[in-house]
Amino acid sequence: MFALQVVIVLLLAAAAVTALVVQANRGSEREAERLSLAAAEMFANAPGTAEALKSPNPTAVLQPRAEAAWRRADVDFVLVMNTDGIRLTYPDPAQIGKKFVGTIEPALEGRTVVERAGGPPLPAGAGAAVQAVVPVVGADGSVVGLVSAGITVENVGDLVERQLPIIFGTGAAALVLSTAGTALVSRRLRRQTHGLGPAEMTRMYEHHDAVLHAVREGVLIIDAEGRVLLANDEACRLLDLPADVEWRRVADLGLDGETATLLASVEPVTDAVRLVGDRLLAVNKRPTAPYGGQAGSVVTLRDTTELAAVTGRAQSARERLKLLYDAGARMGTTLDVTRTAEELAEVSVPQFADAVTVELLEPVLRGEEPREASTEMCRTASVGLEGNHSLYPVGELVRFAPTHPVAAAVISGRAVLQAGLSTADGWRAQDPEHAQRVLDQGFHSLLVVPMRARGVLLGVADFWRAGASVPFEEQDKEFAEELAARAAVAIDNARRYTREHTMAVTLQRSLLPRGVPEQNALDVAYRYLPAQAGVGGDWFDVIPLSGARVALVVGDVVGHGLHAAATMGRLRTAVHNFSALDLPPDELLSHLDELVAHIDANESADDMHDGDGITGATCLYAVYDPVSGRVAAATAGHLGPAVVHSDGTVDFPQLPVSPPLGLSASFPFASTELVLPEGSRLVLYTDGLVEDRGRDLDTGLEILRDALAGTGRTPEDTCAAVIEALVPARPSDDIALLVARTRRLDPAKVAHWEVPRDPSAVARIRAACARRLADWGLEEIGFATELVLSELITNAIRYGAEPITVRLLHDRTLICEVSDASSTSPHPRRAKTTDEGGRGLFLVAQYSERWGTRYTPAGKVIWTEQALHGMPEPTGLPDDTLLDQWSDDTP
């Protein structure tokens with residue numbers, strides 16, 4: 001652009017110089033003509049010129065005058081000629097008398113002639129000259145001669161040459177100034193156009209113009225005085241502006257007052273909605289000054305008339321998508337059928353309906369799968385209905401009529417819409433009075449959606465609208481069906497969980513103790529709380545043993561569900577069986593550990609790789625003897641007991657640490673003995689009591705210590721206090737708690753004798769026992785007791801080793817114990833008809849309720865239990881009759 005401008009300036013300068021040269025030439029010629037004419041007229045009119053022409057020798061007179069005249073007049077020649085054109089004077093005398101070269105006819109007529117003509121050489125130069133021919137008029141007015149004066153063309157060019165330096169200097173100065181100005185203009189233009197070239201500026205303008213007029217958004221540029229500087233086609237259409245809107249004031253455009261004020265103000269506006277005619281326009285306005293323009297504002301207008309409706313539909317779709325998302329997050333969190341139905345109702349009110357009721361088939365509530373669809377359902381949830389309302393209450397069993405929308409939804413499997421309840425005859429036919437009460441409360445629209453999962457109908461969801469809410473429409477069906485489908489999946493999951501949970505609870509309850517067996521050694525209370533997530537493997541037990549002793553057991557199987565409950569049952573049964581052998585706690589846990597390891601090995605051998613083995617089970621086994629007040633306890637990976645002393649202090653005795661069951665690797669268990677005064681409380685528990693989310697074991701034990709501390713509490717009070725202090729609202733693990741307050745057997749009800757190894761001592765001991773029974777008022781069972789003791793003492797003397805002792809315990813039953821230092825145990829056998837002996841233990845079994853053998857570190861104890869009152873009748877046939885039932889060959 002700059003080069004083009006320089007070329008243009010150069011051409012203009014050259015043209016100007018050329019014009020000046022041409023003008024100078026023409027001016028020189030005119031100046032030569034003027035000088036020639038003036039010199040010729042001056043000489044022709046000079047005094048004496050006419051008289052000299054009439055003289056005989058005009059040349060002599062006029063030649064000197066002519067020479068003096070052309071020198072004074074600054075011309076190249078002045079010559080005089082007669083009327084015939086014969087030169088009378090000439091700068092070159094040799095040319096006098098010759099014919100004048102030029103035009104003389106007009107001069108002979110009295111006119112002046114100026115012309116360019118060539119003549120003889122002159123002192124000033126040769127060639128053509130600019131000459132004037134003037135007549136010389138005599139006194140009578142006639143032309144008596146002619147005078148010609150002139151300047152040669154060569155001398156005229158000298159005049160031009162003298163002006164050329166000035167002309168070219170002026171042209172050069174003009175060229176420099178023009179070039180500098182062009183450079184400054186180009187620089188400013190480049191700065192204002194940000195370096196864009198003509199092509200880019202053209203393209204930008206074309207794009208700007210195309211976008212400005214093609215965009216579907218009105219654009220106005222208004223200056224600070226409220227005049228419209230620019231308005232695109234869309235702005236003219238939206239505001240109905242005239243074609244000559246530019247440079248007119250906004251106030252003169254015929255807009256309503258508020259819109260005109262809004263457009264003319266200088267305050268920025270963001271998404272202001274204005275009603276202009278029948279259009280709803282969104283107005284945005286920003287000042288232009290901060291962005292490089294002059295003071296004013298740019299206004300954009302957007303037609304939101306259709307967008308408002310589209311936005312409303314989009315907003316409704318977004319709200320419903322959010323509602324579905326919330327429903328997925330809120331429904332099915334508890335795996336409870338009723339609560340899941342309530343969650344469906346809660347998530348739908350008030351975003352979708354004013355009230356929601358849910359009816360489920362009765363088998364679903366019990367966790368069962370409905371065998372067939374039915375219109376008889378139980379109202380399970382109701383949300384959005386406060387105070388007294390006319391809808392069926394929760395818990396009521398409702399049988400819907402065939403014409404009711406619920407029945408239609410059950411039959412069709414699709415949502416049924418009753419947009420206007422007041423005109424729906426089928427709905428009113430269910431119960432006209434009840435339907436009228438519902439209408440009186442403002443309900444006017446109903447949408448019933450069946451809930452199905454895996455093709456099975458579970459129930460229906462009823463969506464109600466009332467008051468000023470718009471009635472349901474057809475497009476609401478799809479959303480309601482999607483919502484109900486998600487709820488149905490959650491309800492079905494809860495139903496299946498309820499079924500499994502019910503089965504597990506039933507199994508667990510059948511495996512846990514139904515109550516505490518009767519015994520006098522301990523006053524026992526217990527609590528068992530299953531985990532909220534399902535039943536687990538915690539268990540407890542109270543097992544009466546021989547010698548008025550009682551075994552207390554707590555155990556824990558890791559995990560939840562049917563397998564944990566079944567495993568718990570297996571272990572509890574094993575503990576019962578092992579306790580029947582009167583084993584010490586450490587030996588019992590050793591046998592239980594071997595059993596668990598054996599079971600795990602068998603399950604692994606059966607390719608059970610689902611991780612459902614019972615490895616991880618723990619157990620605490622304690623035996624309390626009310627005679628001595630001693631407690632022998634051993635643990636297999638379980639928490640030790642707590643002891644609440646009679647003064648209210650709490651202690652946690654340290655038991656030898658042993659691994660859980662099945663992990664001991666033949667490691668021997670160890671037991672500990674404690675002596676508890678009467679009235680002490682022995683507390684056994686599982687880890688779910690003291691461990692919980694956000695609470696470590698040490699913190700739980702300290703809370704337990706505080707809850708147990710205190711005097712004067714019964715075991716029931718102790719259980720209540722512990723549960724209140726430690727158990728959260730939703731326990732994450734099973735909790736088993738067993739509280740036993742110790743009792744001591746009255747020493748007056750204990751009799752003890754040392755028996756020498758002499759058969760004659762049997763009678764003496766038998767007599768002493770009879771006297772003691774008499775003292776206790778048990779003469780009624782004296783004969784049977786003497787018979788039993790005679791047999792047991794005789795066997796001890798005959799087959800046992802010293803020391804031999806006899807002990808009688810007067811408890812709920814009469815307990816007879818005969819101990820010796822031998823570890824051999826007698827076994828009942830069938831005596832032949834010809835045998836004189838072999839019937840002793842058979843008689844002991846016949847006259848006792850229970851009998852058995854337990855081993856001690858010093859030997860063994862053979863014990864029997866008899867009812868305190870009444871002579872027991874033999875439980876079988878008489879001896880000989882019974883023995884005759886078997887032959888000697890019977891295996």
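Student: What is the mean pLDDT of the chain?

Tutor: The mean is 81, and 84% of the residues reach 70 or more; pLDDT is the predictor's confidence in each residue, from 0 to 100.

Student: And where is confidence lowest?

Tutor: Among helices and strands (DSSP runs numbered from the N terminus: H or I of at least four residues, and E of at least two), helix α24 (residues 879–883) has the lowest mean, 45, and strand β24 (residues 681–685) the highest, 96. Over residues 876–891 the pLDDT is below 50, and this stretch has 13 contacts beyond near neighbours in sequence, a contact being heavy atoms within 4.5 Å. Where pLDDT is low, the predicted coordinates should not be read in detail.

Student: On to the sheets. What is the strand order in the one with β17?

Tutor: That open sheet of five strands runs β17-β18-β19-β20-β23, with antiparallel pairing; two strands pair if DSSP finds at least two bridges between them. β17 (539–544) and β23 (672–675) are at the edges with a single partner strand each, so one side of each has no neighbour in the sheet.

Student: How many bridges join β20 and β23?

Tutor: There are four bridges, in the antiparallel sense. Val631 has Leu674 in β23 as its bridge partner.

Student: What about the sheet with β26: which order there?

Tutor: The order is β26-β27-β28-β30-β29, again an open sheet of five strands with antiparallel pairing. β29 and β30 pair over seven bridges, and Tyr855 is the bridge partner of Lys860 in β30.

Student: Now the largest pocket. Which residues lie nearest its centre?

Tutor: Arg549, Arg854, Tyr855, Thr856 and Pro857 do, out of 32 lining residues. On a 1 Å grid over the protein atoms alone, a pocket is an open set of points where a 1.4 Å probe fits, with protein on both sides within 12 Å along at least five of seven lines, and lining residues have an atom within 4 Å of a point.

Student: Which strand gives the most to the lining?

Tutor: β28 does, with four residues.

Definitions and conventions. Residues numbered from 1 in each chain as written. Predicted model: local features only at pLDDT ≥ 70, side-chain atom pairs only at ≥ 80, totals over all residues. Heavy atoms only, no water.
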